[in-house]
Amino acid sequence: MRRLIIVLMLCVAEVALSAQEKDPVLVMFWNVENFYDWIDQGGGESDREFSSYGERHWTRKRFYAKCDALAKSILWIGDNYGRMPDVIGLAEVENRGVLHKLISSTLLRKYDYGIVHHDSGDRRGIDVALLYRKSSLSPVSVTVKSPGDIPTRDILHVQMAHASGLQYDFIVNHHPSKYGGEKASEHKRSIVMSCLKELCDSLAGSGHDRIVAMGDFNDSPDGEQFGMVEYILENKGKSLHERKEGTIRYRGKWELIDNFLVAPCVGSSEMMVVKVPFLMTYDRRYPGKKPLRTYSGPRYTAGVSDHCPIIMIIYDQ
């Protein structure tokens, strides 16, 4: 009987270890639209606009309400997809301080999120950033790549060691918008995509085969820019785009401008657009629902962003 108990205990331990080894990695990306604090630090027009005395009347109370809504949304994703995100890429973040307040002043403080952030030369003073669970990932190196002379967001590259022993290269992007016209601004997106291509070429050439690029590319998955990297990275948003799914809603039509680009060696992975129920609102002009923004024109609406978050589940263990 004792021998049977020992055998059963060993079997249970083996099953538990196997389950642990097969835990997926949940990656999230979200353009959180103008995630500024309420203090004018002399960082330009946008910094003044999103301050207590600025045009937006962006107060401490409104800032923390946005933090709470962000945290509640991330927790909702954790509840609905089986685990809290291991990695969260963010766009339109003012500074490291807003990230620290997000993970320390909300219910996210119960989780072990760390911050990776670097100030870029963007004219609006917004950057990309990365949050990660310290219990599952640890940074090996952090680098930023500036795309030429364009005053835009830097590309953030973070090499991470996973608890399983695997190493990932997470790359966070926020490419130039189509402000001024799609054709007139196309060369800017080409320059930044070329910068991403050079980085991925370098990583692939040095044996880094688990590359996960995420971001707001300000272009749909069938855009010509993606052809530069598709021989290295798989465009995960193509099938979603074909099904007319999207992350922003413009004139009643969904557009998928937020995307994941993944190296084939990452293994089985699945991308999804997440429409958090309490952050969707009825579109009065076009039938259907759209993401609830913080502001609708000059009017404060207490939302988070005009973008829906995207997630990707990686079964690579």
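This is a predicted model: local features need pLDDT of at least 70, side-chain atom pairs count only at pLDDT 80 or more; totals for chains, interfaces and linings use all residues.
**Overall picture**

- Along its principal axes, the C-alpha trace spans about 75 × 45 × 40 Å.
- Of the chain's 317 residues, 51% count as buried.
- Take the contacts between residues at least 6 apart in sequence: 67% of them join residues at least 24 apart.

- Is Lys66 buried or exposed? Lys66 counts as buried, because its relative accessibility is 2%, under the 20% cut-off.
- Leaving aside residues up to four places away in sequence, Lys66 touches Val32, Glu33, Asn34, Phe35, Trp58, Thr294 and Val304.
- Ile155 sits 89 residues from Lys66 along the chain, and 25 Å separates their C-alpha atoms.
- Helix α3 itself covers residues 60-80 and lies across β1 (25-35), β2 (87-93), β3 and β18, running at about 160° to β1.

**The six-stranded sheet**

- This is an open sheet with mixed pairing, and its strand order is β3-β4-β2-β1-β18-β13.
- Which strands are at the edges? They are β3 (113-117) and β13 (268-273), each of which pairs on one side only.
- From one strand to the next, the twist averages 20°.
- β13 pairs with β18 (residues 310-315) in the antiparallel sense, over six bridges.
- Within that pairing, Met271 has Met312 of β18 as its bridge partner.
- Helix α4 (residues 96-105) also packs on the sheet, where it touches β1, β2, β3 and β4 (127-133). The direction of α4 makes about 170° with that of β3.

**Two nonpolar cores**

- The largest nonpolar core has 49 residues, and the members touching the most others are Leu130, Phe170, Ile171, Leu196, Val212, Met214 and Phe260.
- Which helix gives the most to this core? That's α5 (residues 182-205), with seven residues.
- A second, separate core holds 39 residues, including Tyr36, Leu75, Ala129 and Tyr295.

**A closer look at helix α5**

- With 24 residues, α5 reaches 33 Å from its first C-alpha to its last, close to the 34 Å expected at 1.5 Å a residue.
- Its buried residues are Ser185, Arg189, Ser190, Val192, Met193, Cys195, Leu196, Leu199, Cys200 and Leu203.
- What do the buried residues of α5 pack against? Their partners are the strands β5 (137-145), β6 (155-162), β7 (167-174), β8 (211-216) and β12 (258-262).
- Just after α5 comes Gly207, which takes a positive phi of about 90°.

Definitions and conventions:
Residues are numbered from 1 along each chain as its sequence is written. Side-chain values use heavy atoms; hydrogens and water are left out. A nonpolar core is a set of buried Ala, Val, Leu, Ile, Met, Phe, Trp, Tyr and Cys residues joined through side-chain atoms within 4.5 Å. Buried means under 20% relative accessible area, exposed over 50%, partly exposed in between (1.4 Å probe, protein chains only). Helices (H or I, at least four residues) and strands (E, at least two) are DSSP runs, numbered from the N terminus. The expected span of a helix is 1.5 Å times one less than its number of residues. Contact means heavy atoms within 4.5 Å. Two strands pair if DSSP finds at least two bridges between them. Axes are lines fitted to C-alpha atoms, for helices over the stretch in contact, and angles run from 0 to 180 degrees between N-to-C directions.
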